[in-house]
Amino acid sequence: MLTRMAQQIQAQPAAPAPAATGALKPVAIFVCHGMGEQVPFESIDAVAAILRKHIEDVTGPAAAPPGVDTRIVELGSERLARAELQVPVGTGLRSVHVYETYWAPLTAGKVGILDVFSFLMDAGISGCDKSWKKFNRYLFGAPREFPATPALLPAFILLMAMLAALALMSGTAVAVGTARMLTQSAGEWPSAQLMTDLTCDFLAYGSFAAVLAALYWLALRRVGLRKKTAQEAAEHWLNLLIAAWLGLTVLATLATGAAVLYHLYRHQGGHTAAGWNVSPFPALAVTLIWAVILYINGVARRFLVDYLGDVLAYIAPHTANKFAELRAAIQQRALGAARAIYAQPGADGEPLYERIIVAGHSLGSVIAYDTLNAILLDDEMGCGRQARERTSHLITFGSPLDKTAFIFREQQSDSYVREALAANMQPLILDFAQRGGLKWVNLWSRHDPISGRLQFYNLPPREHRRGERRVINWRDRASNIPLLAHIMYWQSPLLRRALADAVAGR
């Protein structure tokens with residue numbers, strides 16, 4: 001939490017730039033939160049905490065803790081929350097205003113588990129289709145060709161097999177558990193022996209998963225990867241550990257899915273010795289075990305809907321479907337806030353902010369990218385916000401932008417007119433001149449399956465041009481714990497460096 005807050009309960013017009021030592025004009029940071037981040041003002045708080053840590057690094061531990069002022073301000077027709085800090089830059093202080101766009105409530109309750117499953121299967125099918133052939137993308141005025149990635153084909157096939165197995169297990173747990181509760185053992189289905197066999201299936205899977213998780217945690221502690229920085233030798237062992245862990249998890253899931261399917265098939269024909277050859281469990285034990293199974297199943301479903309549902313709602317509507325209006329609403333919320341920030345005048349009649357930094361985490365990086373493109377298009381239409389000149393940095397971390405471009409691209413390789421029109425809606429890939437002085441920094445981690453290097457927003461390597469404003473990919477070694485790496489960027493020294501450089505104009 002912020003340590004010192006000057007709360008402004010009533011909304012008020014944005015104040016002119018404060019008189020800071022060195023007379024440096026303020027800069028704004030506009031941050032977009034990612035999937036599943038459901039708390040208002042959390043992104044503002046996180047960025048302010050990063051800047052406070054940077055200030056402490058600059059001023060030393062003996063200095064007074066840096067203060068943060070917070071207020072609600074009216075920027076044109078928008079009412080926004082912001083945090084204000086004085087950040088040392090050279091011999092002066094730079095006033096930094098941190099804003100966010102908060103879009104999480106727009107997706108709440110809009111996506112169901114069947115939508116998520118269909119979305120993931122579509123992603124797997126699309127990935128399989130695109131992996132074995134060259135990838136075409138319209139960039140910087142012409143169609144560009146990227147090499148095929150056939151090595152990804154097995155991964156997409158395994159993804160779909162895993163999804164099918166998990167869907168079968170989840171659906172069976174709900175159907176059988178519900179039927180058992182409704183019939184109270186009086187009906188023919190599910191029989192006591194079927195309940196016993198399925199209970200053994202799920203217990204075996206859960207026990208194996210628990211053992212894998214325990215061994216994984218012990219291994220992480222053994223190689224010291226709970227620390228902020230991983231050594232190269234430790235990373236080598238970690239990669240081997242991840243491969244073994246993933247392989248065993250996939251095998252266990254597929255085996256359990258096959259066992260569940262086999263038991264359902266055998267018992268529907270009246271067979272009583274279909275698998276485990278175990279005497280039926282007492283009714284009370286079955287009830288307690290299945291209560292736990294259904295609870296875990298419900299938690300897993302909610303997790304998938306809360307996190308992947310956000311991705312589905314925003315990414316999938318590149319084709320017409322029921323989420324198109326929801327995606328438009330998210331874009332309008334982000335764009336409204338961004339337009340207000342860019343348009344805000346200062347006391348001298350000039351723009352209040354000398355420079356504006358746009359940042360996005362996870363799915364928020366996609367929203368930030370779309371928002372910045374829309375702002376640049378506004379300027380092309382004569383809105384006069386000087387967005388190209390004043391946007392100094394785009395910082396993306398944990399970003400799936402390359403994956404969304406590869407898997408969910410709606411255009412066809414031979415539809416160059418449509419591709420060109422789609423590129424015209426994205427000035428950042430239309431012409432290097434549109435990037436102006438923009439420095440685009442992308443943080444990614446090998447241990448974060450959602451993120452990756454951004455390659456499809458630069459020219460292919462063989463076509464690189466001198467002077468082009470390429471995306472700068474920084475590998476974040478501090479985000480080094482698999483399954484947690486995606487949220488570890490917020491504590492990473494590399495993100496702190498990126499934000500500090502952006503504030504200083506480097």
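Visitor: Over how many bridges do strand β9 and β10 pair in the parallel sense?
Guide: Before we count, note that this is a predicted model, in which local features need pLDDT of at least 70, side-chain atom pairs count only at pLDDT 80 or more, and totals for chains, interfaces and linings use all residues. Residues are numbered from 1 along each chain as its sequence is written, and side-chain values use heavy atoms, leaving out hydrogens and water. Strands (E, at least two residues) and helices (H or I, at least four) are DSSP runs numbered from the N terminus, and two strands pair if DSSP finds at least two bridges between them. Look at residues 391-397 for β9: this strand runs parallel to β10, and the number of bridges is five.

Visitor: Which residue in β10 does phenylalanine 397 stand opposite?
Guide: Phenylalanine 397 belongs to β9, which covers residues 391-397. Its opposite number in β10 is leucine 443.

Visitor: In β11, what is the bridge partner of tryptophan 444?
Guide: β10 also pairs with strand β11 (residues 472-475), again in the parallel sense and over four bridges. Find tryptophan 444 and look across to β11: the partner there is arginine 475.

Visitor: How many residues of strand β10 are buried?
Guide: Buried means under 20% relative accessible area, exposed over 50%, and partly exposed in between, using a 1.4 Å probe and protein chains only. β10 spans residues 439-444 and is mostly covered. Of its six residues, the number buried is five.

Visitor: Why is strand β2 largely enclosed by the rest of the structure?
Guide: In a regular strand the side chains alternate between the two faces of the sheet. In β2, Val27, Ile29 and Val31 are buried on one side, and Ala28, Phe30 and Cys32 are buried on the other. β2 (residues 27-32) is therefore largely enclosed, since the residues that are buried number six of the six.

Visitor: How many salt bridges does the count come to?
Guide: A salt bridge here is a side-chain nitrogen of Lys or Arg within 4 Å of a carboxyl oxygen of Asp or Glu. One of them joins arginine 339 and aspartate 378. The count comes to 11.

Visitor: Is aspartate 378 buried or exposed?
Guide: Aspartate 378 and arginine 339 form a salt bridge, with their closest N and O atoms 2.7 Å apart. Aspartate 378 is in helix α9 (residues 363-380) and arginine 339 in helix α8 (residues 324-343), so the pair ties together parts 39 residues apart in sequence. Arginine 339 is partly exposed at 28% relative accessible area. Aspartate 378, with 10% relative accessibility, counts as buried.

Visitor: Which residues do salt bridges that share partners join into one network?
Guide: Start with a salt bridge between aspartate 501 and arginine 506, at 2.7 Å from N to O. Aspartate 501 is buried at 12% relative accessible area, whereas arginine 506 is exposed at 53%. The network joined by shared partners consists of Lys53, Asp57 and Arg496.

Visitor: Which residues form one aromatic cluster?
Guide: There are 12 aromatic pairs, where rings of Phe, Tyr and Trp (its six-membered ring) pair if their centres lie within 6.5 Å, with planes under 30 degrees apart counted as stacked, over 60 as edge-to-face and the rest as tilted. Phenylalanine 406 and phenylalanine 456 are stacked, at 6.3 Å centre to centre and 20 degrees between the planes. Phenylalanine 406 sits in helix α11 (residues 401-407) and phenylalanine 456 in the loop between β10 and β11, so this pair ties together parts 50 residues apart in sequence. The cluster is made of Phe135, Phe146, Phe406 and Phe456.
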